[in-house]
Amino acid sequence: MSIKEALCQEFCDRLRVRQTPAGLAVGTQFMGSDGDPIGFYVVGPDENHQFRVEDSGATVPILEASGADLELDARAEIFRALLQQYQVEFDEDTFELKTKAIAISDVPKAALRFVNFLIRVQDIAFLSRENAENTFKQEAVRDIKKIIGSSAQIMLNAPVLEQVSDVKADLVIRAEGRQPVGVFLVRSDPRLYEAIMLQGEADYKLHEQCTIIALLEDAESVTKKAFSQALNRLTPLTYRGQEAEAMMRIKRDALGATAFTRH
C-alpha cells in the first residue's frame, strides 16, 4: 500500500456516514471546542438537483455559549473573514452554516472545504488573552452604555477625580445630581488594587464623594485575597453569568433608585 493509499484509508475509515431523510449525516475524527466530533450534513437533492453542505445549526450557539460574542469586532471580523474565505453562508434566523447550492460532482470538494472551515472557526473560542480581554471590555462597555442610555454622560478611559488624574477608570459615569461612578474592568489583581486604592484615597484623603465599581470578568479573574480586600472597600461585581445583575447594580449606583420607576 502506498503512502497516498494509506492516508486516504486513514481519513476515509474515520468518517461515519448515515442516511437521514434530508440527505447524509457525516461525522469526522476532528473535535470541536465542546469536545464533540465535528460533523456536517449533505442535504439534497433539491428541485434543481443540487446539494448543500451544512452544519446542524449548533456551531455558532456553542461558540457563543463559550463566551465568543460574534457580534463584537474582535471575533466578528474573524468570523466574517472565514465565511468569505471558505465560501460559507450564515443564516441568522436558523444559525445554520451552509454552502451555496452545488452540483453533486462538487460535493466532495465542498465538504472538505466545509470541514476545514468548521475546524478554523473553533479558533474563535481560543483567542489570545489579549483578544479575550478586548472582547470582555467591548461587551462590558456595550452593556453599560445600553443600560445607562442617555441618562448620564459616559467617558471611557478617564479619571474619576481630577486630583488623581493618573488613575483612570475604564468608564466614568456622570449623572446630573449624582456623584460620579468609576467602573474598573478587572481581569487581574493589580487592576483591582488600583480600584481599591482610588476609593480609599477618595474616602480618607480627599474626602470626595464617588463610587468605584470593580467589574470582574468572572470569579477566577482575581485571587481570593484580593477579592476579600475589595469587599471591604468598594463594590466588586462579576460579569460572566451575572451580566443582568451587574448592569442593574451599575445603573442603580449611577442613576439612583428613581431610574427604575420612570416610565
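**A predicted fold in questions**

Q: In which loop does Gln87 lie?
A: This is a predicted model: local features need pLDDT of at least 70, side-chain atom pairs count only at pLDDT 80 or more, and totals for chains, interfaces and linings use all residues. Residues are numbered from 1 along each chain as its sequence is written, and side-chain values use heavy atoms, without hydrogens and water. Helices (H or I, at least four residues) and strands (E, at least two) are DSSP runs numbered from the N terminus. On that numbering, Gln87 sits in the loop between α3 (73-85) and β5.

Q: What is the phi of Gln87?
A: Most residues other than glycine have a negative phi. Gln87 is not a glycine, yet its phi is positive, at about 55°.

Q: Is Gln87 buried, partly exposed or exposed?
A: Buried means under 20% relative accessible area, exposed over 50%, and partly exposed in between (1.4 Å probe, protein chains only). Gln87 has 47% relative accessibility, so it counts as partly exposed.

Q: Which strand holds Asn157, with its phi near 50°?
A: Asn157 has a positive phi and is a residue other than glycine. Its relative accessibility is 53%, which counts as exposed. Asn157 belongs to residues 153-159, strand β7.

Q: Where is the proline of the cis peptide bond from Gly44 to Pro45?
A: Most peptide bonds are trans. The bond from Gly44 to Pro45 is cis, with omega near 5°. Pro45 has its place in the loop between β3 (37-43) and β4.

Q: How many helices and strands does the protein chain have, and what share of its residues is buried?
A: The secondary structure comes to eight helices and 11 strands. The chain has 263 residues, and the buried share is 42%.

Q: What share of the contacts with a separation of 6 or more joins residues 24 or more positions apart?
A: A contact means heavy atoms within 4.5 Å. Among the contacts in the protein chain with a separation of 6 or more, residues 24 or more positions apart account for 52%.

Q: Which residue of β9 is the bridge partner of Ile173?
A: Strand β8 (residues 168-174) and strand β9 (residues 181-186) pair in the antiparallel sense, over three bridges. In β9, the partner of Ile173 is Val181.

Q: How far apart in sequence are the parts tied together by Glu89 and Arg52?
A: A salt bridge is a side-chain nitrogen of Lys or Arg within 4 Å of a carboxyl oxygen of Asp or Glu. Glu89 and Arg52 meet in one, at 3.6 Å, N to O. Glu89 lies in strand β5 (residues 89-90) and Arg52 in strand β4 (residues 52-54), so the pair ties together parts separated in sequence by 37 residues.

Q: Which helix holds Glu139, the salt-bridge partner of Arg240?
A: The Arg240–Glu139 bridge spans 2.3 Å, N to O. Arg240 lies in the loop between β11 (235-238) and α8 (243-255), so the pair ties together parts 101 residues apart in sequence. Arg240 is partly exposed at 24%, whereas Glu139 is buried at 3%. Glu139 lies in residues 129-148, helix α5.

Q: Which helix contains both Asp253 and Arg249?
A: Their side chains form a salt bridge of 3.2 Å, N to O. Asp253 is buried at 12%, and Arg249 is partly exposed at 29%. The two are four residues apart, about one helical turn, in helix α8.

Q: Which residues are linked in a network of salt bridges?
A: The structure holds 11 salt bridges. A network links Lys137, Asp170, Arg191 and Glu194.

How values were computed. Pairing = 2+ DSSP bridges.
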